[in-house]
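Please read these notes with the sequence and the model side by side, and look for each element as it comes up.

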Amino acid sequence: MNKTERQLAITLELQRSNVVRAEDLAAQFETSVRTIYRDIQALSEAGVPIIGAPGQGYSLMEGYFLPPVGFTAQESVALLMGADFVEQKLDGEYVSAAKAARRKIEAVLPEQVRGESERVREAMRLLRVGESVMGRKEKNYLGQVRRAILEHRKLSFTYLKKISASDGKRESRREVDPYGLVFVQGNWMLIAYCDLRQDIRHFRLSRMTELTVSDERFSMLPGFDLSRYRQPDDRNLWILVRVNSDIADKIVETGNYYMEAMETEQDYLLVTFRVRHPEELLPYILGWGGDVEVLEPATLRNRIRKEAEKILKRY
């Protein structure tokens with residue numbers, strides 16, 4: 001970043017924030033505090049009304065607004081690809097907003113920058129997913145959940161659990177306080193306080209049915225911060241698998257979330273996985289077919305044998 005770019009960025013930062021310290025600006029732009037002092041002086045001499053408060057920092061005079069600035073090709077690509085993502089992955093209200101934003105961005109780009117950004121976007125694509133991956137129901141639920149989060153309204157829905165309960169049932173009715181939405185591994189997850197479990201739980205939107213938004217309001221747990229929240233790691237079951245080395249790439253691609261270690265032994269691999277329930281890894285192991293063998297635990301090894309016998313009977 002050259003001097004001119006840095007001074008423009010400093011002005012934008014001052015416009016965005018009420019008061020900014022020189023030390024914070026120096027850290028943000030990876031330069032010295034002395035350089036920031038010189039930049040502030042140069043901006044003031046150029047007519048930017050910067051106010052300095054000893055011991056507090058710098059701010060812009062009230063009422064001053066920097067005229068619209070131009071985008072580089074890289075910046076325009078970032079914004080336009082962001083609009084593409086929003087259009088594909090958010091609900092209808094934001095789809096319309098994304099389309100409008102794209103039109104506005106494209107309208108203000110100089111012809112040269114617009115042409116360059118179009119060439120870059122043609123070489124970098126966000127592939128559209130089919131409705132079967134994120135259908136109308138899930139997009140509709142996304143909009144309802146998003147509004148419930150902003151308005152602090154409770155939600156109720158029927159949830160299809162991945163693993164059956166002790167009674168064999170997978171469906172359960174839940175009432176929750178919605179805290180936030182997270183897009184992870186291609187799916188929207190709701191982070192919420194569950195009344196049934198009396199704790200924070202995660203719910204995949206695609207597994208929800210009969211969603212309703214209540215008029216009842218809720219308050220978040222004290223100290224909860226979605227940006228700092230991390231899911232507790234309760235994967236306590238270890239699984240050891242012997243794998244034909246020819247399919248090592250498939251193992252890495254499909255099981256990397258659960259994988260803990262991979263060790264090479266002559267013409268095969270020993271792969272260690274860590275899961276919450278054996279059923280989490282079961283579809284992967286069956287999909288890998290005869291190129292894998294479960295060594296531990298014995299219970300999963302027996303489960304694989306029974307599933308293989310079922311398959312054999314069908315064929």
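1. Two strands are said to pair if DSSP finds at least two bridges between them, and helices (H or I, at least four residues) and strands (E, at least two) are DSSP runs that are numbered from the N terminus. By that rule, strand β9 (residues 259–265) is joined to β10 by six bridges, and the two run antiparallel. One of the paired positions is Glu263, whose bridge partner in β10 is Leu270. In the hairpin of β9 and β10 there are two residues between the strands, and Gln266 takes a positive phi near 50° there.

2. Some points about the source should be kept in mind: this is a predicted model, in which local features need pLDDT of at least 70 and side-chain atom pairs count only at pLDDT 80 or more, while totals for chains, interfaces and linings use all residues. Residues are numbered from 1 along each chain as its sequence is written, and side-chain values use heavy atoms, with hydrogens and water left out.

3. On its other pairing, β10 is joined by eight bridges to strand β8 (residues 237–244), and these strands also run antiparallel. Within this pairing, Ile239 has Phe273 of β10 as its bridge partner. β8 pairs with β11 as well, in the antiparallel sense and over four bridges, and here Leu240 stands opposite Glu296 of β11.

4. Taken together, four strands form an open sheet in the order β9-β10-β8-β11, with antiparallel pairing. Because β9 and β11 (292–296) stand at the edges and have a single partner strand each, one side of each is left without a neighbour in the sheet. From one strand to the next, the twist averages 25°, where axes are lines fitted to C-alpha atoms, for helices over the stretch in contact, and angles run from 0 to 180 degrees between N-to-C directions.

5. Why is strand β10 described as largely enclosed by the rest of the structure? Six of the eight residues of β10 (residues 268–275) are buried, so the strand is largely enclosed; buried means under 20% relative accessible area, exposed over 50%, and partly exposed in between (1.4 Å probe, protein chains only). Helix α10 (residues 298–314) lies across β8 and β11, and runs at about 145° to β11.

6. The next points concern helix packing. Two packed helices are described by the angle between their axes and the distance between the axes. Angles under 35 degrees count as roughly parallel, over 145 as roughly antiparallel, 65 to 115 as roughly perpendicular, and the rest as oblique. Helix α4 (residues 73–89) and helix α6 (residues 111–123) have axes that come within 9 Å and cross at roughly 55°, and α4 and α6 are therefore oblique to each other.

7. The crossing of α4 and α6 is right-handed; a crossing is left-handed if the near helix is turned anticlockwise from the far one by less than a right angle, and right-handed if clockwise. Ala73, Ser76, Val77, Leu80 and Asp84 of α4 meet Val113, Glu116, Ser117, Val120 and Arg121 of α6, where contact means heavy atoms within 4.5 Å. The residues of this contact divide into five nonpolar, two polar and three charged; Ala, Val, Leu, Ile, Met, Phe, Trp, Tyr, Cys and Pro count as nonpolar, Asp, Glu, Lys and Arg as charged, and the others, Gly among them, as polar.

8. α4 also packs with helix α5 (residues 92–108), at an angle of about 160° and with the axes 8 Å apart, which makes α4 roughly antiparallel to α5. The crossing of α4 past α5 is left-handed. Among the residues that make the contact are Leu79, Leu80 and Ala83 of α4, and Tyr94, Val95 and Ala98 of α5. By class, the contact of α4 with α5 has eight nonpolar, no polar and five charged residues.

9. Finally, consider Lys161, which lies in the loop between β3 (153–160) and β4 (171–184). Is Lys161 buried or exposed? Lys161 is buried, with a relative accessible area of 17%. Leaving aside neighbours within four places in sequence, Lys161 is in contact with Lys169, Arg170, Ser172, Arg174, Arg197 and Arg207.
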